[in-house]
Amino acid sequence: MPRVFSGIQPTGDPHIGNYFGAMKNYVRLGEEYGKNSIYCVVDLHAPTNPNAYDPRQLAARTLEMAVANMAAGLDPEKVIFFAQSHVPEHTELAWLFTVITPVGELERMTQYKDKAQKLESTPAGLLMYPVLQAADILLYKADTVPVGEDQVQHIELTREIARKFNHQFGEMFPEPRAVLAKDALRIPGVDGQGKMSKSKGNTIGILEPLDSIWQKLRPAPTDPARVRRTDPGDPDKCLIGDYHKLFSDLPTIETVYEGCRTAGIGCVDCKKMLMVGITRELTPIQERAAELRADPVRVRDVLAQGAKEARQIAAPVMEEAREKVGF
Ligand code: ADP
Ligand code: NA
């Protein structure tokens with residue numbers, strides 16, 4: 001049976017790019033693999049980037065990310081869902097991996113270079129980030145890792161670490177592969193300037209109030225060919241057209257695509273029709289999130305239970321690794 005692992009950054013408020021690109025995939029894989037799908041809020045990774053970390057907010061953000069994923073359909077009864085800092089084996093295995101990972105390999109990582117460049121002093125933890133990530137995955141002997149494109153390089157390093165460990169200390173770890181959400185690789189941002197990303201400030205949050213979403217959509221750029229209401233447009237060159245494909249039902253997509261090409265409808269009407277689909281998709285998620293937020297004890301219990309389940313797998317794997325290395 002394949003085993004799935006994915007880490008979720010405790011950033012707090014996921015956007016529709018995260019939702020379609022990652023979170024829905026977790027739910028789908030969870031239906032398929034049950035307790036062999038393991039999802040972890042990777043709070044130990046957060047402090048490695050001092051620019052994006054606040055100790056007073058970390059615990060709340062971890063909880064909020066758990067709420068968001070559960071609200072989006074991740075069922076902790078079916079999958080294993082927990083916070084990384086509750087399972088100390090992650091850091092212990094990472095330490096063993098540091099001794100077989102060349103510093104040069106780590107310095108070549110694109111994400112490290114990007115982040116380090118923005119810092120005056122680079123913490124060693126930022127360099128070690130992909131080693132901890134390899135431990136996150138291999139601690140569960142996971143072979144399937146649903147991630148975004150930007151993580152492919154780290155998964156390749158994870159494979160190398162597994163290979164090297166097996167070679168040096170004895171066969172033990174699988175070589176995991178990245179699985180990309182091919183149909184939702186790059187959800188565009190509301191500014192029309194490429195990929196939606198938290199760092200670009202062009203997001204639509206899945207837990208964002210609907211009126212706030214509308215305030216962002218109303219001024220959002222559309223096909224520049226539609227200067228006047230009577231100019232026809234190309235919905236394939238319009239981010240609102242892209243969003244319709246994610247949120248709207250088929251008859252609506254046909255109506256707006258035809259309406260755009262013939263100038264039968266204006267962009268504001270098209271955006272209003274998009275809001276119908278967004279409202280239908282996000283309302284139940286936002287209602288579930290409100291229920292969960294009102295009951296933080298329940299969410300903490302879920303994570304505590306998840307950590308127990310995770311440790312049942314992690315502890316014997318860690319024991320095996322310790323023995324292999326000679327402890
Ligand atoms: P951000 O870029 O906003 O910081 P993350 O890097 O935390 O988001 O990404 C979390 C997950 O969501 C990753 O699996 C990533 O590939 C996916 N993801 C992020 N932005 C998008 C997007 N615009 N379209 C599709 N998937 C995305
Ligand atoms: Na990113």
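Which residues come nearest to ligand 1, of the 17 around ligand 1? They are G17, G21, G148, I187 and K198, where a residue counts as near a molecule if its C-beta atom, placed from the backbone, lies within 6 Å of it. The shell around ligand 1 divides into six nonpolar, eight polar and three charged residues; here Ala, Val, Leu, Ile, Met, Phe, Trp, Tyr, Cys and Pro count as nonpolar, Asp, Glu, Lys and Arg as charged, and the others, Gly among them, as polar.

This is a predicted model, in which local features need pLDDT of at least 70 and side-chain atom pairs count only at pLDDT 80 or more, whereas totals for chains, interfaces and linings use all residues. Residues are numbered from 1 along each chain as its sequence is written, while chains are lettered from A and ligands numbered from 1 in the order in which they are written.

The domain assignment, which is automatic or taken from a database, gives the chain domain 1 (4-186 + 296-325) and domain 2 (208-288). The centres of domain 1 and domain 2, taken over C-alpha atoms, are separated by 35 Å.

Two packed helices are described by the angle between their axes and the distance between the axes. The axes are lines fitted to C-alpha atoms over the stretch in contact, and angles run from 0 to 180 degrees between N-to-C directions; helices are DSSP runs (H or I, at least four residues), numbered from the N terminus.

| Helix pair | Angle | Axis distance |
|---|---|---|
| α6 (residues 124-138) and α7 (residues 152-169) | about 70° | 9 Å |
| α5 (residues 110-117) and α6 | about 160° | 10 Å |
| α2 (residues 55-71) and α11 (residues 267-293) | roughly 135° | within 8 Å |

With its angle of roughly 135°, α2 is oblique to α11, a word for angles that are not under 35 degrees (roughly parallel), over 145 (roughly antiparallel) or 65 to 115 (roughly perpendicular). The crossing of α2 and α11 is right-handed, meaning that the near helix is turned clockwise from the far one by less than a right angle. In this pair V67, A68, M70 and A71 of α2 meet I285, R288, A289, L292 and R293 of α11, contact requiring C-beta atoms, placed from the backbone, within 7 Å. The contact of α2 with α11 has seven nonpolar, no polar and two charged residues.

Helices α6 and α7 are roughly perpendicular to each other, and α6 passes α7 in a right-handed crossing. Their contact joins P130, Q133, A134, I137 and L138 of α6 to H154, L157, T158, I161 and A162 of α7, with seven nonpolar, three polar and no charged residues.

Helices α5 and α6, by contrast, are roughly antiparallel, and their crossing is right-handed. Here Y112, K115 and A116 in α5 meet L126, L127 and Y129 in α6, a contact of five nonpolar, no polar and one charged residues.

Terms used: Helices (H or I, at least four residues) and strands (E, at least two) are DSSP runs, numbered from the N terminus. Two residues are in contact if their C-beta atoms, placed from the backbone, lie within 7 Å.
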